[in-house]
Amino acid sequence: MIRTFGTGSVCAHLLLQGSKYATCRAAHHSGSFDVAIIGGGIVGLASSRELILRHPNFTFTLLEKEKELALHQTGHNSGVIHSGIYYTPGSLKAQLCVRGATLTYQYCQKKGVPYKRCGKLIVAVEREEIPRLKALYERGQMNNVQDLRLIDAKAIREKEPYCRGIMALDSPNTGIVDWQLVALTYGKEFQEVGGTVITDFEASDIKVAAESPAGSAEGLKYPIIIKSSQGKEVRCRFVLTCGGLYSDRLSEISGCSSEPRIVPFRGDYLVLKPEKNFLVRGNIYPVPNPQFPFLGFHFTPRMDGSVWLGPNAVLAFKREGYKLFDFDTQDFINAVSYRGLQRLVMKNIVYGMGEIYRGVFTSAQVKNLQKFIPELNPSDVLRGPSGVRAQALDAEGNLVDDFVFDGGKGELGSRILHVRNAPSPAASSSLAIAEMITDELEKRFKL
């Protein structure tokens, strides 16, 4: 486990499996850097790593509002290494996921991060699902996903003895990993080669400096000031924000657009009781229904041997609200007053009410899952963890399904790049996203 310590000094310390790394350098004591990255989730950490490996002579800092890294979306996801089946051919999402999965396996192998290539079945349980399943197979082939095949009921039982279906799409290169550990390994590498991590630094203002720091003879070499909610400051030449659940607010405080808006959706999982884990070997997913905005309930084995079931998808009343009754007034008002959410709700009112019902009554979730594993009983499951997804919405109520990058106008806008939307599967795509972000920074800022 990597633990980073707060801003008592500009340098941060990193702890991984008992080994300590201190990366404080004299050049960093001023609190001035060539590039500051805001956001210590997997996208921010992967991008920081890629940037410093390409530009070792520059100074970099990563700013994280929590006391530790990778605590939110990165630390609360399903742990799946997606292969790129679902996404529109030619889209960034498709290209980055396919490349990202390949890079992830290579990286984990090189760094000794445990993973399992346990595979995935997308299972049709009704005849009417077969045309959609075949279309998904064709899409996966167009996306260059390797080794896909359609299998019949007998082959399903050979791979998943307790699963019942009439046809399935077999994706043997889908895997699982602890994404938080992967992200922390990115952070370890970033620090080992000279990067500075500053935790407990919640960016509350980003602006252009009016004058040089007192005692400085360099002029406005570092013209951008990032101020924390505790009053601390960091100066830099360029800024990259990877704010996840707060990406729209980071854009707003820098004078950029508030669109697309982030609306948080909580996903609640069930967990199989340990004595029932034998029911599931690999990932088992339903055939997605294009009328609904999310993938539906699925079975996900975890690296610790447990099996997660779910998730549902309901509006969270707090951006980091992992519990049923977590509530933040500002987050709630911002979400329900947004026209885009209102339109999304109206288009999916029946589906949404069903998700709420299944979130309250575990037996309703189990009934859905029994379509795939009939032997599953309500007594076989326990309530499990939850995650919050940063869903970007436009004003018309459409889910923003691809990556969105944004800058701005004027002196500040010309020195900042916002990652406005890095949707699932951002973890699977993280190394490929980092390459693309670094390419974009080099082009925009002439690094």
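Colleague: How much area do domain 1 and domain 2 bury between them?
Modeller: About 1,800 Å², with 45% of it on carbon and sulfur atoms. Buried area here is the accessible area (1.4 Å probe) that two parts lose on being put together, summed over both.

Colleague: What should I know about the model itself?
Modeller: It is a predicted model: local features need pLDDT of at least 70, side-chain atom pairs count only at pLDDT 80 or more, and totals for chains, interfaces and linings use all residues. Residues are numbered from 1 along each chain as its sequence is written, and side-chain values use heavy atoms, with hydrogens and water left out.

Colleague: Where do the domains run?
Modeller: Domain 1 takes 29-79 + 178-211 + 219-260 + 400-446, and domain 2 takes 262-399. The bounds come from an automatic or database domain assignment. The domain centres, taken over C-alpha atoms, are 28 Å apart. Domain 1 gives 22 residues to the contact and domain 2 gives 26. Contact means heavy atoms within 4.5 Å.

Colleague: How many salt bridges between domain 1 and domain 2?
Modeller: Three. The rule asks for a side-chain nitrogen of Lys or Arg within 4 Å of a carboxyl oxygen of Asp or Glu. Asp248 pairs with Arg319 in a salt bridge, with 2.7 Å between the closest N and O atoms.

Colleague: Which elements give two or more residues to the domain 1 side that touches domain 2?
Modeller: Helix 6 (247-253) and strand 22 (416-421). Helix 6 gives the largest share, three residues. Helices (H or I, at least four residues) and strands (E, at least two) are DSSP runs, numbered from the N terminus.

Colleague: New topic. How many salt bridges does the rule count?
Modeller: 26. One of them joins Arg99 and Glu435, with the closest N and O atoms 2.8 Å apart. Arg99 lies in helix 2 (residues 92-111) and Glu435 in helix 12, so the pair ties together parts 336 residues apart in sequence.

Colleague: Arg99: buried or partly exposed?
Modeller: Partly exposed, at 43% relative accessible area. Compare Asp268 and Arg266, which meet in a salt bridge at 2.9 Å, N to O. Asp268 is buried at 12%, and Arg266 is buried at 6%.

Colleague: Last one. Where is Gly387?
Modeller: In strand 20 (residues 381-393). Gly387 is buried, at 9% relative accessibility. Its C-alpha is 6.7 Å from that of Gln73, 314 residues away along the chain. Leaving out residues up to four places away in sequence, Gly387 touches His76, Phe265, Arg266, Gly267 and Tyr322.

Terms used. Buried means under 20% relative accessible area, exposed over 50%, partly exposed in between (1.4 Å probe, protein chains only).
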